[in-house]
Each structure stands twice: as C-alpha cells, then as structure tokens.
Amino acid sequence: MGLPMDDIHTPTVPSGPASSHTARSTTKDEGKTLLDLIADKSNLEEELKALSGVLDSHGVTMDTSLTTFDGYPRDDLDVAQIRSTRARTIRLRNDYKSLLSKIEDALHAHHAQARNIATTQPHASSHASSSASGGLASGASSLEAPFARVNGVSAGSPAEAAGLRLGDKICRFGDVDWANHEKLSKVAETVQRNEGVTHTLSKA
C-alpha cells in the first residue's frame, strides 16, 4: 500500500513561490488597458475550466480525499497530477480575484474619464463657438474697414445733411467699400449714376 502521507488530499502551495508569483503577476498587469485585463480574465477562466476538467477526469474535486481511511495514498488515483492540478487551480483562483479587482478599478477610472469628457465637452463647444463668433466678428470688422476720410463738408450739401463731419472715416457708401472703391473712383461713379437717390452711409 505504500507509506502513509499526511493530508495528501489538501493541496499545498509554498508561501515563497506563491508570493513571488503574485508579485510577478502584479508587475505584469501594470500599464494594461481595460480590454487587456478583460482578455486576461477570459484566458484565466478558460484555464480554470481546463483544470476543472482534469479533476473531473479523475472523478475528484478540490476537496476529495486522496488517502485511504488508514492514511495511505489511494492507488486508484494519479495523486501527483491531482495535487499539481489543485495547486495550479489555487494559484489561478488567487490571480482571478486580483484580476477582478484590477478590472473594477479600471472600470471606475474609465467611467470617471467619460464623466470628465462629458463635463468639459460643453465648455470646449462653448469655447469653439466663442472663437467662431470672434472670428466672424473680426471678419465683419475687416469688411467694414474705413477706406476714405472726409477732408471737407460744404454747407447745405447732402453730405452735411447726412451728418458728415470733417475727419470722419467712411466704411461704406452705397455698395462701395474698402474692397472695391478703386481709389475712390467708384464713389464718384455711384454719386453720378444715382444722383438724387438716397445712399447708405457707414462711418467708423
């Protein structure tokens, strides 16, 4: 029957190697994305399922006794394989618990980041809108840039009636502005062509 074996049904994992394994696992997981951690979780679940299948093939569980009633190892079981499978299962279960904790932390971080983006997005949109409005205002100001200065106003003239004063800057006269006045020739043409017609006058 062989020699008695103490608690052969209880898998044991030396504290040294287990601690070292956990430390290596923690270091390995650093810098991983949430998707990476979820993929690791799936891999661990597959391996744990495979290990469970090994135990099932022997007709045992994690708690099945591997010794006879008088303390000898059962000769109907592959005790060495079952013990190593149990030990591996224990390590992976510990890794699985640690991984679930990391995934939970990563999910919290992900949702916090999403909330921050949602909070700052309106501000960014508002800033972009303000910038666009500022750009449009700047563009409008450019279109209304003065192109002529009044050097004199005759008493009783239409110019005086329109409220023009010496030194006034003209931004628009009818459809003439800084972009098309052609050295003020367009102003003279507009006056001659539309004598007696009221024109829109814009001053700076």
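The side chain of Asp-168 reaches the backbone nitrogen of Arg-165 at 2.7 Å, a polar contact in the sense of a pair of N or O atoms within 3.5 Å, where within protein one atom must be able to donate a hydrogen and the other to accept it, and where residues adjacent in sequence count only if both atoms are side-chain atoms. Asp-168 lies in the loop between α4 (158-161) and β2 (169-173); helices (H or I, at least four residues) and strands (E, at least two) are DSSP runs numbered from the N terminus. Asp-168 counts as buried because its relative accessibility is 16%, given that buried means under 20% relative accessible area, exposed over 50% and partly exposed in between, with a 1.4 Å probe and protein chains only.

The model is predicted, so that local features need pLDDT of at least 70 and side-chain atom pairs count only at pLDDT 80 or more, whereas totals for chains, interfaces and linings use all residues. Residues are numbered from 1 along each chain as its sequence is written, and side-chain values use heavy atoms, with hydrogens and water left out.

Helix α2, residues 34-57, has 24 residues and reaches 35 Å from its first C-alpha to its last, close to the 34 Å expected at 1.5 Å a residue, the expected span being 1.5 Å times one less than the number of residues. Its buried residues are Leu-37, Asp-40, Leu-44, Leu-48, Leu-51 and Leu-55, and just after the helix Gly-59 takes a positive phi of about 75 degrees.

Which residues make up the largest nonpolar core? It consists of Leu-37, Leu-44, Leu-48, Leu-51, Leu-92, Tyr-96, Leu-99 and Ile-103, 8 residues in all, and α2 and α3 (79-143) each supply at least two residues of this core. A nonpolar core here is a set of buried Ala, Val, Leu, Ile, Met, Phe, Trp, Tyr and Cys residues joined through side-chain atoms within 4.5 Å.

Arg-88 counts as partly exposed at 25% relative accessibility, as does Glu-47 at 30%. Lys-32 forms another with Asp-40, their closest N and O atoms being 2.5 Å apart.

Methods:
A salt bridge is a side-chain nitrogen of Lys or Arg within 4 Å of a carboxyl oxygen of Asp or Glu.
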